[in-house]
Amino acid sequence: MALFGAKSFVGLDIGSHEIKVVELGPAGGRFRVLHMGSADTPPGAVKEGAVVEPQALGVAIRQAVGKAGIKPGRVVSAVGGQAVIVRELKLPPMPEDELKQAARFEAERYIPYGVREVNMDFDIIGETTEENQRRIVVLLVAARRDVVDKHVQALEAGGLAPYVLDVESFAVIRALDAQAQATAAPQAPGGTAGAASVFVDLGAETSDIVITEGDQLRLTRNINIGGDGLTKAIATRLDMEFQSAAQVKEEKGVVVLEGEPAPDDRTVMALHEAMLPILGDLATEVRRSMDYFQTRWRESRVGRVVLSGGTARLTNLDRFLSLELGVETVIGDPFLQCEVGERVLPAAQRKQVGPAMATAVGLALRGTVER
Ligand SMILES: Nc1ncnc2c1ncn2[C@@H]1O[C@H](COP(=O)(O)OP(=O)(O)OP(=O)(O)O)[C@@H](O)[C@H]1O
Ligand SMILES: [Mg+2]
C-alpha cells in the first residue's frame with residue numbers, strides 16, 4: 001500500500017482550482033512516477049489556500065485518487081496560502097528543550113491570533129552571529145489549528161490518512177531545487193556566495209514566492225495574485241462568464257512582449273491587454289522580494305527564477321518575467337529527476353502537465369525523506 005512498505009510515496013496537493021496526486025516509487029537511486037491524476041476542486045471548497053468544505057473535497061479527492069489508480073492509504077499533503085506563517089527566529093544558544101520554549105514565546109510576536117489557536121512546529125536550521133553574538137536559527141512554521149483540522153478532515157473524507165502535513169512552498173523547493181541548482185549561473189568572479197534561486201508557484205487564487213540559497217531558506221511569501229485574477233480581468237474585458245474566460249485564457253492567452261510584433265488575432269491582443277496590469281503587479285511583487293533579499297544578503301546574487309503552478313503555463317510568461325526582472329526565468333519541470341512511463345504521462349505532455357504537479361511531486365518526495 002502507498003507509503004506503508006516504503007515501496008512508494010503518495011503526495012496530494014489540494015489546490016483551490018484542482019486536486020493533484022502523484023505516487024512515486026524508487027527506481028535505482030531515482031524515482032519513477034507510478035501513478036498520477038487530478039480532479040477539479042469543487043467551487044468554494046478551498047479559500048485562500050485553506051480547506052473550508054471538507055466533505056465536498058473528500059468526494060473530489062476520491063475521484064482524483066481513483067482516476068490515478070492509486071490505492072487509498074497514507075499520503076503526504078500540505079497546507080499553504082495565507083494560513084501558514086513561516087519565520088526564522090534567532091535565539092541565544094541554550095539547551096534544546098529550553099530553545100523550544102523560547103521559540104514558542106518568540107513566535108507569539110509573529111502570530112496575529114491567539115497561540116492556542118495555532119499548530120506550531122520548530123526546526124533548528126543552523127547558527128549565525130549577530131553583533132558578535134552566537135545565535136541559533138530556528139525555523140518556525142505555524143498554521144491555524146482549524147485550518148489543519150479541516151485539511152485532515154478532507155483527507156479522511158477522501159478515504160486517506162495523513163502521514164505528514166507539510167508546507168506547500170517547501171514541497172515546491174524539494175521538487176525543483178535540483179533543476180534550479182543544476183542550471184544556476186556560475187558564481188560571481190571573486191565572490192564566495194553562490195547563486196540564489198527564486199521559486200514562484202503561480203496557483204489559481206494565490207502564489208508563493210520563495211528564495212533559497214544553497215540549502216538555506218531566505219524568504220517565503222504568499223501573495224494574492226494568481227490565475228483567477230487573470231481570468232476575472234478577461235471576463236470583465238470581454239464581457240464573459242468566468243468559466244468561458246478561463247477557457248480562452250488557457251487556449252489563447254499569450255503575453256505579448258515589448259518589441260515583438262503584435263498578433264493579428266484581436267482576441268489574443270485583448271487577452272494580453274486584460275492580463276498585463278496583473279502580470280505587471282506580479283513582476284513588482286517578485287522584484288520586491290528579490291530587493292528585500294538583496295538588502296539582507298548583499299554578497300548574494302539571484303541566479304534563476306523557476307516558475308511552477310498552472311499559471312506558469314501561460315505562453316511567454318517566463319520570457320516576460322525574465323525581461324522585467326533581468327534574471328533568467330525558466331519553467332519548472334518536477335519530472336526531471338523522475339522516470340515517467342509513457343502510459344502514466346506521454347512525453348509530449350510532460351512540459352504541459354509538469355508545472356502544476358510540482359507541489360504534489362515535492363510532497364511525494366517528502367515521503368522518501370520521512371521513511
Ligand atoms: N495554459 C494555461 N495558460 C494560463 N493559465 C493556465 C493554463 N493552464 C492552467 N492555467 C491556470 O492555472 C491555474 C491553476 O493552477 P494550479 O492548479 O497550480 O492552482 P491550484 O494549486 O489549484 O490553486 P492554489 O495554489 O491557488 O490553491 C488556474 O487559474 C488555471 O486557469
Ligand atoms: Mg497550488
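## Contacts of helix 3

Two residues are in contact if their C-beta atoms, placed from the backbone, lie within 7 Å. In this predicted model, the buried residues of helix 3 pack against several elements: strand 1 (9–14), strand 5 (50–51), helix 1 (54–68), strand 6 (74–79), strand 9 (133–144) and strand 10 (161–167).

## Geometry of helix 3

Helix 3 covers residues 145–157, and at 1.5 Å a residue its 13 residues should span 18 Å. The C-alpha atoms at its ends are 18 Å apart, which agrees with that expectation.

The buried residues of helix 3 are V147, H151, A154 and L155. Viewed down the helix axis, the buried residues fall within an arc of 100°, so they line one face of helix 3. Just after the helix, G159 adopts a positive phi of about 80°.

The shell around ligand 1 contains 24 residues, of which G15, H17, G203, G227 and G310 come nearest. Two helices, helix 5 (227–238) and helix 6 (242–252), each supply at least two residues of this shell.

Sorted by class, the shell around ligand 1 comprises 13 polar, six charged and five nonpolar residues.

## Domains

The domain assignment of the protein gives two entries: domain 1, covering 83–143, and domain 2, covering 186–327. Between the C-alpha centres of domain 1 and domain 2, the separation is 31 Å.

Notes
Residues numbered from 1 in each chain as written. Chains lettered and ligands numbered in written order. Predicted model: local features only at pLDDT ≥ 70, side-chain atom pairs only at ≥ 80, totals over all residues. Helix = DSSP H or I, 4+ residues; strand = E, 2+ residues; numbered from the N terminus. Expected span 1.5 Å × (residues − 1). Buried ≥ 20, exposed ≤ 12 C-beta atoms within 10 Å, placed from the backbone. Arc of directions from axis to C-beta. Near = placed C-beta within 6 Å. Nonpolar A, V, L, I, M, F, W, Y, C, P; charged D, E, K, R; others polar. Domains from an automatic or database assignment.
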